[in-house]
Amino acid sequence: MTSGGRKDLQADCANCFGLCCVALPFARSADFAVDKAAGQACSHLRSDFRCGIHERLRDRGYPGCTVFDCFGAGQKVSQVTFGGTDWRRAPESARAMFEVFPVMRQLHELLRYVAEVLDLAAARPVHKELRRALARIDGLTRGSAEAVTALDVNALRGEVNPLLLRASELVRARVPGRGKDHRGADLMGAKLSGAGLRGASLRGALLVAADLSGADLRDADLIGADLRDADLRGADLTGALFLTQAQLDAARGDAATVLSPGLSRPAHW
């Protein structure tokens with residue numbers, strides 16, 4: 001699904017100071033070619049804050065970068081929290097900027113989920129509470145770097161998640177029959193080709209390398225589901241709830257995979 005059409009919840013790298021390439025650490029693995037500490041700029045980050053190997057990330061051993069989504073947190077920190085002054089011109093701000101970025105990303109992820117549900121008519125019974133939550137979180141994202149960094153995001157998630165769950169239940173209740181409950185299930189490598197998972201709850205499910213080819217995932221709740229290397233060839237994901245671009249980018253699919261408007265078919269498919 002989409003983020004309610006809000007462009008501020010979509011990454012705008014042109015207005016970001018390459019924060020994901022500096023603030024976050026990564027370890028040498030199948031996802032990253034080298035080790036990098038938090039606060040250390042990636043060797044491929046250019047002076048204009050663009051990636052020097054962006055078009056060749058997978059070939060150069062950085063598939064982990066291709067599946068990262070800041071949900072617009074990068075430009076919020078760069079242009080709002082720090083008023084457009086980058087960490088190179090003002091090195092004294094670097095530490096605070098790098099500390100606030102991962103917290104802001106979590107806030108923007110919550111905003112993205114809430115905004116999505118506010119577009120769904122079936123979730124109208126919880127729209128009032130969700131609009132309040134949206135306004136509150138949006139206000140928090142506009143606080144000072146110190147205020148944002150000090151937030152208890154886990155507590156905030158604890159307040160918002162029940163609303164998202166209720167919205168999910170309202171939407172999935174329209175699906176004929178009872179959607180299967182695989183919440184938090186370990187389905188790593190599971191053989192689910194052609195499975196009828198319409199309206200199922202796959203919240204937080206481990207679906208790494210699962211075979212979901214040709215599966216019916218319409219209106220399924222996929223919030224937090226790990227879809228790394230999952231086979232989505234020919235699967236129908238129409239109306240899938242809380243499905244993010246990053247989840248799709250981490251999976252495998254093809255021209256026959258059906259997606260909702262607002263989501264893009266990854267180039268590597």
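Hi everyone. Let me start with two helices, α3 and α6, which run roughly parallel to each other. One thing to keep in mind as we go: this is a predicted model.

So how do I get to "roughly parallel"? Helix α3 and helix α6, which covers residues 153-172, pack at an angle of about 15°, and angles under 35 degrees count as roughly parallel. Their axes lie 11 Å apart, and the crossing of the pair is left-handed.

Which residues make this contact? On the α3 side you will find V103, Q106, L107, E109, L110, Y113, V114 and V117. Facing them from α6 are V153, L156, R157, V160, L164 and A167.

N161 has a relative accessibility of 29%, so it counts as partly exposed. From the C-alpha atom of N161 to that of H268 is 32 Å, and these two residues are 107 apart along the chain.

Now let's go back to α3 and look at the loop between α2 (73-81) and α3 (94-117), where S93 sits. Is S93 buried or exposed? With 13% relative accessibility, S93 counts as buried, because the cut-off for buried is under 20%. What does its side chain reach? The S93 side chain comes to 2.7 Å from the backbone oxygen of A90. Leaving aside residues up to four places away in sequence, S93 also touches F82, D86 and W87.

Technical notes: Residues numbered from 1 in each chain as written. Predicted model: local features only at pLDDT ≥ 70, side-chain atom pairs only at ≥ 80, totals over all residues. Heavy atoms only, no water. Helix = DSSP H or I, 4+ residues; strand = E, 2+ residues; numbered from the N terminus. Buried < 20%, exposed > 50% of the residue type's maximum accessible area, 1.4 Å probe, protein only. Polar contact = N/O pair within 3.5 Å; in protein donor to acceptor, adjacent residues only side chain to side chain. Contact = heavy atoms within 4.5 Å. Axes fitted to C-alpha atoms, helices over the stretch in contact; angles between N-to-C directions. Parallel < 35°, antiparallel > 145°, perpendicular 65-115°, else oblique. Left-handed = near helix turned anticlockwise from the far one by under 90°.
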